[in-house]
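Open the model in your viewer and keep the selection tool at hand. The stops below are meant to be taken in order.

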Amino acid sequence: MIKLGDIVSVLDEPITGKVIGLTAQEITIETEDGFDMIFLIKEVVKIESEDIIIPSYEEVSRNLQEKEVFKKKPKRPAIKPKERHVPPMEIDLHIHKLIKSTKGMTNYDIVTLQLDTAKRQLDFAISKRIPKVVFIHGVGQGVLKEELIYLLGRYDNISISDADYKKYGLGAMEVYIVQNPK
């Protein structure tokens, strides 16, 4: 039998409290949080011993959140899609950028050195999967430009176009390397 001062717990609700009022059908309890609530007598159960500690809803919720099973997995850092505006690899083929002095070199030797450098750098770009390469050849007589076009024509899966005029003027060409040819 429930009487004033007893500790009761509400069935189907995470509410426990002390009985502060009693009628034939209803019971008034003061919850652990200090609220007065009214329930039907058949909705509550007397807690026999003070030794039994019934956790509040908040405590149960907090404990569940702390359990490993309910912990949220740490968010993985978002992997951004490949940048579409990656600056291209630039190779300046002006002879003074490649060697200190051209003393004793013929024009043939100079153009050969520039073409060897272009071939080596293009092979490097292909092996490292670099999508764009800009060869800065300069304006001059157009000999190096024509030789570059001939050299690049021997490669499959590349396309050649003039480089950005605002940045390079007329003295550069852009090579786009197709990475996954079909």
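Predicted model: local features only at pLDDT ≥ 70, side-chain atom pairs only at ≥ 80, totals over all residues.

Residues are numbered from 1 along each chain as its sequence is written, and side-chain values use heavy atoms, with hydrogens and water left out. Helices (H or I, at least four residues) and strands (E, at least two) are DSSP runs, numbered from the N terminus.

**Asp6**

Select Asp6, in the segment before strand 1 (7-10). Its relative accessible area is 10%, so Asp6 is buried (buried means under 20%, exposed over 50%, partly exposed in between, with a 1.4 Å probe and protein chains only). Show its surroundings: leaving aside residues up to four places away in sequence, Asp6 touches Met1, Gly17, Lys18, Val19 and Lys46. Contact here means heavy atoms within 4.5 Å.

**The hairpin**

Next select residues 26-31 and 36-40, which are strand 3 and strand 4. They pair in the antiparallel sense over five bridges; pairing requires that DSSP finds at least two bridges between two strands. Ile29 stands opposite Met37 of strand 4. Four residues lie between the strands of this hairpin, and Gly34 takes a positive phi near 95 degrees.

**Helix 3 and helix 4**

Now select residues 107-127 (helix 3) and 143-153 (helix 4). Their axes come within 10 Å and cross at roughly 40 degrees; axes are lines fitted to C-alpha atoms, for helices over the stretch in contact, and angles run from 0 to 180 degrees between N-to-C directions. Helix 3 and helix 4 are therefore oblique to each other (under 35 degrees is roughly parallel, over 145 roughly antiparallel, 65 to 115 roughly perpendicular, and the rest oblique). To see the contact, display Val111, Gln114, Leu115, Ala118, Lys119 and Leu122 of helix 3 with Val143, Leu144, Glu147, Leu148, Leu151 and Leu152 of helix 4.

**Two loop residues**

Go to Arg129, in the loop between helix 3 and strand 7 (132-136). Arg129 has a positive phi, near 60 degrees, in a residue other than glycine. Most residues other than glycine have a negative phi. Its relative accessibility is 44%, so Arg129 counts as partly exposed.

Finish at Asn157, in the loop between helix 4 and strand 8 (158-162). Asn157 is not a glycine either, yet its phi is positive, about 65 degrees. At 39% relative accessibility, Asn157 counts as partly exposed.
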